[in-house]
Amino acid sequence: MNKSEVEKLFAVQDLDFRLQAIKRRLAGFDESSGAKAIADELRSLKLALKELNANLDGLVKRRDELEERSRSLMAKVKNIKAKEMSGAISHRDLATTEGEISSLELQRSDLEDQEMEVLTEIEELESPVLEVKARIAEREGELSRLRKENSEITEDLGIQIAELDTLRSELCKSIDPALLKMYTDVYARVGSVALAKVENGSCQGCRLRLSALEIENVKRLLSGEFSRPPTCEQCGRILYM
Ligand SMILES: [Zn+2]
């Protein structure tokens, strides 16, 4: 391997930085575009709607029960009145029957009061249900608009990644595999720059000052063919100048 391969490797590193930045942007896109916040809001709105609907269902059930009981009381009253009309009830029992009727009527009136209360509760729930539904529809519209916009952007980022990947593969073809592997290993270990310039007598990766002799060694190595590139004694990065 020689200096020109190290220089190409520097171009590879530059591509890797750009790739990393694009991939990071892509990974955080749902959040940074606000889509995640809307999706979260939608989740809680739907939960709220579910609760409201469950309350409403309970109230409707209660109203039906009250109506049913009221109907059955009405039928009883009707029955007794029919008996009275037919003369089946003796004059002596008439007072008792009238008492029974008024007791039934009282119960029915109580049921009607309860039903009115339930109806009011049902009415009171109607507007919050409509509000939550409208908000859900509005946020869903917003989310789908945003997702559409996002998909155009993420598609574009995907194309950029593919283009940079192609460039990278092309560059790598003319770099010694051993040098590439060394670069990959250092990159993985330090998590950033694997190839550091020597500038103003220092490794630009870790800022270690190199002695004049070390700098001479780097220069000497890079001037010819080498089986192992110069590296920084402190951080292990591949050095070039
Ligand atoms: Zn260093």
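In what follows, helices are DSSP runs of H or I with at least four residues and strands are DSSP runs of E with at least two, both numbered from the N terminus. The model is a predicted one, and with these terms the secondary structure of the protein chain comes to six helices and three strands. Followed along the sequence, these elements give the pattern α-α-α-α-α-β-β-α-β. The radius of gyration of the protein chain is 41 Å, well over the 18 Å that the globule rule gives for 241 residues, so the chain is more spread out than a compact globule.

Of the 241 residues in the chain, 10% are buried, a residue being counted as buried if 20 or more other C-beta atoms lie within 10 Å of its own. As for contacts between residues at least 6 apart in sequence, 77% of them join residues that are at least 24 apart.

We turn now to the strands. Strands of a sheet pair through backbone hydrogen bonds, either parallel or antiparallel. Here, three strands form an open sheet in the order β2-β1-β3, and the pairing is mixed. Its edge strands are β2, at residues 202–203, and β3, at residues 238–240, each of which pairs on one side only. Strand β1, covering residues 195–199, pairs with β3 in the parallel sense over three bridges, and the bridge partner of Lys197 in β3 is Tyr240.

Note on methods. Residues are numbered from 1 along each chain as its sequence is written. This is a predicted model: local features need pLDDT of at least 70, side-chain atom pairs count only at pLDDT 80 or more; totals for chains, interfaces and linings use all residues. Two strands pair if DSSP finds at least two bridges between them. The radius of gyration is taken over C-alpha atoms; the globule rule is 2.2 Å times the number of residues to the power 0.38. A residue is buried if 20 or more other C-beta atoms lie within 10 Å of its own, exposed if 12 or fewer, and partly exposed in between; C-beta atoms are placed from the backbone. Two residues are in contact if their C-beta atoms, placed from the backbone, lie within 7 Å.
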